[in-house]
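Here are a few exercises to work through with the structure open beside you. Try each task yourself before you read the solution.

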Amino acid sequence: MRTTLDPEAGDLLVLVDIQNDFCGGGALAVPDGDAVVPLANDLIRRFKAAGAGIVLTQDWHPAGHSSFASVHPGRAPYDMVGMPYGPQTLWPDHCVQGTAGAEFHPDLLTLAADMVVRKGFRPAIDSYSAFFENDGITPTGLTGYCRERGFRRLFFAGLALDYCVSYSAEDSARCGFQPIVFEDACRPIDMNGSLDLALARMNAIGVQFTRATCGK
Ligand code: VGL
Ligand code: ZN
């Protein structure tokens, strides 16, 4: 069923990390990542027309970020390491502040966004979620933004479903919001069972799923 946007429901669209480095040819390209762009743009138009909110998230790492395999001698991308805050996957250098890879996909209708939330800018902590960094306690400020603007239903789409989208949706449920994921407007990295794990975690915490293309 296509979700009906309700002007009284406090609806917010959160488009996660639709950036060049997660799309074709990018440093951490998500398989078929570009496919989310036209769907995300349709959603932007729908949410705009309904008077709902629109937030973009942007992965935004300083050069030499601690999540980059390149700064861990003897380690390779996708290895796991122990950080003071817990286990952390190492990634190829990606979304470095000021680089083309960190920019939004050129076709994304970014002008429509009310706000851009940057995350992962602290050198020592990675941040998948748009609400809390990977230590689980350092806030990005998005919870307060959503509360102040009265958003209650948070609709997610973007990249990657099994990392930044799922962590964001789960954290939003923990913060008392109602998360709904547009499953066809996301793509996963899907490595070492990460997609199945993310789906199980999202289901357990009550994340709902809908489709951007239903009824079309
Ligand atoms: C992401 C890995 C590292 C994501 C960001 O946007 O899903 N994944 N940084
Ligand atoms: Zn990142």
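**Exercise 1. Work out the strand order of the open sheet, and explain which strands stand at its edges.**

Solution. Keep in mind that you're looking at a predicted model.
- Step 1: trace the six strands across the sheet, and you get β5-β2-β1-β6-β7-β8, paired in parallel.
- Step 2: check the ends. β5 (115-119) and β8 (208-210) each have a single partner strand, so each has one side without a neighbour in the sheet. That puts these two at the edges.
- Step 3: look at the twist, which averages 25° from one strand to the next.

**Exercise 2. Take strands β1 and β2: how many bridges join them, and which helices pack on the sheet?**

Solution. 
- Step 1: β1 covers residues 11-16 and β2 covers residues 53-59; five bridges hold this parallel pair. Pick out V14, and you'll find its bridge partner in β2 is V55.
- Step 2: now find helix α1 (residues 36-49). It packs on the sheet and touches β1, β2, β6 (153-159) and β7 (178-187). The directions of α1 and β7 make an angle of about 140°.
- Step 3: do likewise for helix α2 (residues 142-149), which packs on the sheet against β1, β2, β5 and β6. Between the directions of α2 and β5 the angle is about 160°.

**Exercise 3. Find the protein donors of the zinc ion (ligand 2) and describe the site.**

Solution. 
- Step 1: the protein donors are D59 (OD), H61 (NE2) and H94 (NE2), sitting 2.0 to 2.2 Å from the zinc ion.
- Step 2: read their spacing in sequence, D-x1-H-x32-H. H61 lies in the loop between β2 and β3 (80-83), while H94 is in the loop between β4 (86-89) and β5. These two histidines are 33 residues apart, so the pair links distant parts of the chain.
- Step 3: are the two histidines buried or exposed? H61 is buried at 0% relative accessible area, and H94 is buried too, at 3%.

Technical notes. Residues numbered from 1 in each chain as written. Chains lettered and ligands numbered in written order. Predicted model: local features only at pLDDT ≥ 70, side-chain atom pairs only at ≥ 80, totals over all residues. Heavy atoms only, no water. Pairing = 2+ DSSP bridges. Helix = DSSP H or I, 4+ residues; strand = E, 2+ residues; numbered from the N terminus. Axes fitted to C-alpha atoms, helices over the stretch in contact; angles between N-to-C directions. Contact = heavy atoms within 4.5 Å. Donors = N, O, S within 2.8 Å, 3.2 Å for Na, K, Ca; no water. Tetrahedral: all angles 85-135°; square planar, octahedral: opposite > 155°, others 65-115°. Buried < 20%, exposed > 50% of the residue type's maximum accessible area, 1.4 Å probe, protein only.
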